[in-house]
Amino acid sequence: MALYRRGRVWWMAYMVDGRQRCESTGVSNKKRAQQILDSRRGEIADGRFNLLKLQSPKLDGWATKYLVSVQHPNTRRRYESSKVNLVSFFGEGAQLRHISSARIEQFKRVRRAAGVKAATLNRDLRFLAQLLKQAERERFIARSPFDLAKFFLSEAPERRKPHILTWEEQEKLLAVAPPRIRTLTILGVETGLRTGEMLNLRWKDINFLDDVLHVEKSKTKSGLRVVPLSAGCKTELLRWRNLIGPDFSECVFPNLSNHRHPLQGGRKAWASTLKKAGLPFFPIYYLRHTFASRLTAAGVSPLTIAQMLGHSSTQIVPRYAQVLDQNRLDAMKKLEALRPPTDETFENITSTNESVQKITQ
């Protein structure tokens, strides 16, 4: 290793991985240059010195390469959409090292001005964050801008409140539902399975002796789980098996035109059933919210709810578990029950009752 001058600035030469590197110290003072060289020598000796690769990948090609590693088809399909949005804004020739915090903020402003919702924009940003983090790990960029600033938007103000199926609505729905929709409805509100998890069920996944079903194909690893079956859900599944069982197809909900494959979609039949029941349209996925809300009302712990929903943590449970109106009323009654009775409380109750009587007369 050595120092040498170029004009007024001192440069240093050193060896890394058997290759000579030359780098400017940026100073004209030899003593200070020697300190910088000594610091570099220590980084190399400790294995802390990691040079960036000279060639920075382009966003378009890097995104295409990354998509190959995404296994879940739905996630890959969503990221492909995000890739189109990102490349459209940053340009096909944009290099990863040129994607700065300022450009990301500009991307957000342009997308929001176009009327894009926070949830959609966050998905694009999440894909970009994963691309840049991978580039950082492979030393194409020094550090991802997402490590330095917060870009994600709050989705709560724009998030549509899920429809929680009441017991009365459930009875109306089941009264007019065809067998397949009836089975899916009961399965949804009694197990909390995702729509894709229900449609991909095989008869071999259901153990009627032990009253459990095994989710073998899910969105995430934590979604692979064992779910207990209630008596009502088991009865409905057995009724459905008598109609379309393993002899017809290994799929619990087969595609009738090709019974070797599971059913896809089924939105029209679901919408038609809701209309017959006199209920507003809502995605069948909201049955999962109904399941979580009923567990919350029953006092089940968030950890248990998360495990039954197939989540890795309890953080997302509040999004699914809406506190039911009856649960709120019960909570207020319990609060009032804790209040010790006093003469003033008795007078207030008497006065309130007299006022109510006057209004009703």
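This is a predicted model: local features need pLDDT of at least 70, side-chain atom pairs count only at pLDDT 80 or more; totals for chains, interfaces and linings use all residues.
Contact here means heavy atoms within 4.5 Å. In helix 5, the buried residues pack against helix 2 (59-67), helix 3 (73-90) and helix 4 (101-113).

**Helix 5 and its surroundings**

- Helix 5 covers residues 118-137, 20 residues in total, and its first and last C-alpha atoms are 28 Å apart, close to the 28 Å expected at 1.5 Å a residue.
- The buried residues of helix 5 include the leucines L121, L125, L128, L131 and L132.
- Also buried in this helix are A118, F127, A129 and A135, together with N122, D124 and E136.
- An α-helix has 3.6 residues a turn, so residues three or four places apart point the same way.
- Just after helix 5, R139 adopts a positive phi of about 65°.

**Crossing of helix 7 and helix 10**

- Helix 7 (residues 179-191) and helix 10 (residues 267-276) have axes that come within 10 Å and cross at roughly 85°.
- Because angles of 65 to 115 degrees count as roughly perpendicular, helix 7 is described as roughly perpendicular to helix 10.
- Helix 7 contributes R180, I181 and T185 to the contact, and helix 10 contributes A269, W270 and T273.
- By residue type, the contact of helix 7 with helix 10 comprises 3 nonpolar, 2 polar and 1 charged.

- An open sheet is formed by 3 strands in the order 4-5-6, with antiparallel pairing.
- Strand 4 and strand 6 (226-228) are the edge strands; each has a single partner strand, so one side of each lacks a neighbour in the sheet.
- Strand 5 pairs with strand 6 in the antiparallel sense over 3 bridges.
- Within this part of the model, H214 stands opposite V226 in strand 6.

- D205 is located in the loop between helix 8 (195-199) and strand 4.
- D205 has 5% relative accessibility and therefore counts as buried, the cut-off being under 20%.
- Apart from neighbours within four places in sequence, D205 is in contact with N200, V212, L213, H214 and E216.
- D211 occupies the loop between strand 4 (206-207) and strand 5 (212-214).
- The phi of D211 is positive, about 60°, although this residue is not a glycine.
- D211 counts as partly exposed because its relative accessibility is 29%.

Note on methods:
Residues are numbered from 1 along each chain as its sequence is written. Side-chain values use heavy atoms; hydrogens and water are left out. Helices (H or I, at least four residues) and strands (E, at least two) are DSSP runs, numbered from the N terminus. Buried means under 20% relative accessible area, exposed over 50%, partly exposed in between (1.4 Å probe, protein chains only). Axes are lines fitted to C-alpha atoms, for helices over the stretch in contact, and angles run from 0 to 180 degrees between N-to-C directions. Angles under 35 degrees count as roughly parallel, over 145 as roughly antiparallel, 65 to 115 as roughly perpendicular and the rest as oblique. Ala, Val, Leu, Ile, Met, Phe, Trp, Tyr, Cys and Pro count as nonpolar, Asp, Glu, Lys and Arg as charged, and the others, Gly among them, as polar. The expected span of a helix is 1.5 Å times one less than its number of residues. Two strands pair if DSSP finds at least two bridges between them.
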